[in-house]
Amino acid sequence: MSADLTSLKLTNDQIAWRAAQDIEDGAYVNLGIGFPERVAQYTVPGRAPVFHTENGILNFGPAPAAGEEDWDLINAGKKAVTLKPGAAFFHHADSFAMVRGGHLDVAILGAFQIAENGDLANWSTGKGAIPAVGGAMDLVQSAKRVAVLTDHVTKNGDPKLVKRCTMPLTGVGCVTRIYSSLAVVDVVDGHFVLREKLKAMSFDDLQALTGAELHVDGTVADLIVEGAGAPV
Amino acid sequence: MDKTVPSLADAIAPIGDGAVVMIAGFGGSGAPVELIHALIDKGPKNLTVINNNAGNGHVGIAAMIEQGMVSKIVCSFPRSSDPVAFNTAFTAGTLELEVVPQGTLAERIRAAGAGIPAFYTATSYGTELAEGKPVEEFDGKHYVRERWLRADFALIKADTADTMGNLTYRMAGRNFNPIMAMAADCTIVQATRIVEPGGIPPEQVVTPGIFTDRIVEIAAPVQEETLIREGAVYP
């Protein structure tokens, strides 16, 4: 099963591409450090979301050419970025007023575990590692939509979608949608609701890799990724 | 009124052992590296440092930790690309860590500057970072009570200052600078240029001079990120 799964599952870029399809024109969006940052590369042509970085920029753009970096112009991952027309700078209290005040339409983060009640664990393994939380706890409590990008299972094959998180929580009841390497799953009223799955995968096989019951509400669409791996 | 001082050593002179020091910047962006290095030259001990991070490489806050000046750090994200100084001291048990969610850190600082001793936020509700803190329900949602965060000193990096202490900032280097400038008893500023009163159009002032105390001109400040990439070690 695991070898099959490796060939079947979406790459991180394909997951990012799928998540980008749901970002509306004009949405205010915060992308977490690392893998979620890739979502920006797959912005749907004709849409112009405004990306927020919590260190204090709205409407930043991609990285500059090597050698063109300005180290006062960075994102939350401390990578050099550029500005788009209409960008704005602001201080940290204003930046998190945007977050806590519910002004962000979408926050997209990574995950260690997501529970069927919407709890998210993504900041600490709880195993004596040095804790580092950043803005994750602020973002998950207050953005209008909180989406997670993740492999469906851990490297050991354990489910990442679970009944209850066993790792330290980032937020309670906060996740609204999961883009996994096998499926798109919503959290609705304390349940996982399967919206899309890879066509090559049966419902039963997907359920077997999921740590809590997958509910179906209407039709389950095929999870189809087009043009992935080719950043626009 | 003239808040300028002639040298970095003069600027940081009031900071002594046991002080609580806010250091602005996010990573290297907006970090007052010259003020930090002047503080290392003076060498006060047992400092509490408040910053978003916990230093990188062997310059800035990381160098303060390596010099044994820091007994406690309050930050949101001690992990970074090269946090060896922090990791070594933390693992050895010589450095106390208080991890605060980033927005809560910013608002605790802003609240201190605004004279608000506590506030409620949904951030961290139900997590281990809320343990021991009062929780209250407002309009059907749970919020955690957080205290203000004050400091004895703030180290600030401005772009332009006037001699009365009005400040502007460069790009995203603004980050924690304006709020930390409000939250300390003594706010110490390095500015890339110092102009006469009126030299900054009033509409463009970001930090009004009432929040600042001591200003030193550092005409060509180094970028911490550049130092780290060069493998620089301070002192």
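Author: Two residues are in contact if their C-beta atoms, placed from the backbone, lie within 7 Å. Helices (H or I, at least four residues) and strands (E, at least two) are DSSP runs, numbered from the N terminus. This is a predicted model, in which local features need pLDDT of at least 70 and side-chain atom pairs count only at pLDDT 80 or more, while totals for chains, interfaces and linings use all residues. Residues are numbered from 1 along each chain as its sequence is written, and chains are lettered from A and ligands numbered from 1 in the order in which they are written.

Reader: At what angle does α5(B) run to β5(B)?

Author: Axes are lines fitted to C-alpha atoms, for helices over the stretch in contact, and angles run from 0 to 180 degrees between N-to-C directions. On that basis, α5(B) lies across β5 and β7 of chain B, and its direction relative to β5(B) is about 155°.

Reader: What is the order of the open sheet of three strands in chain B?

Author: Two strands pair if DSSP finds at least two bridges between them, and β6(B) is joined to β7 (residues 141-147) of chain B by four bridges, the two running antiparallel. β5 (118-121) and β6 (135-138) of chain B each have a single partner strand and stand at the edges, so one side of each lacks a neighbour in the sheet. The pairing is antiparallel and the order is β5-β7-β6.

Reader: Which residue in β7(B) is the bridge partner of B:F138?

Author: Strands of a sheet pair through backbone hydrogen bonds, either parallel or antiparallel. In β7(B), the bridge partner of B:F138 is B:K141.

Reader: Are α3(A) and α5(B) parallel or oblique to each other?

Author: The axes of α3 (residues 92-100) of chain A and α5 (residues 102-114) of chain B come within 9 Å and cross at roughly 125°. Angles under 35 degrees count as roughly parallel, over 145 as roughly antiparallel, 65 to 115 as roughly perpendicular and the rest as oblique. The two helices, α3(A) and α5(B), are therefore oblique.

Reader: Which helix supplies the largest share of the side of chain B that touches chain A?

Author: The contact takes 32 residues from chain A and 40 residues from chain B. On the side of chain B that touches chain A, at least two residues each come from α4 (84-92), α5, α6 (177-183) and α7 (224-229) of chain B. The largest share, five residues, is that of α5(B).
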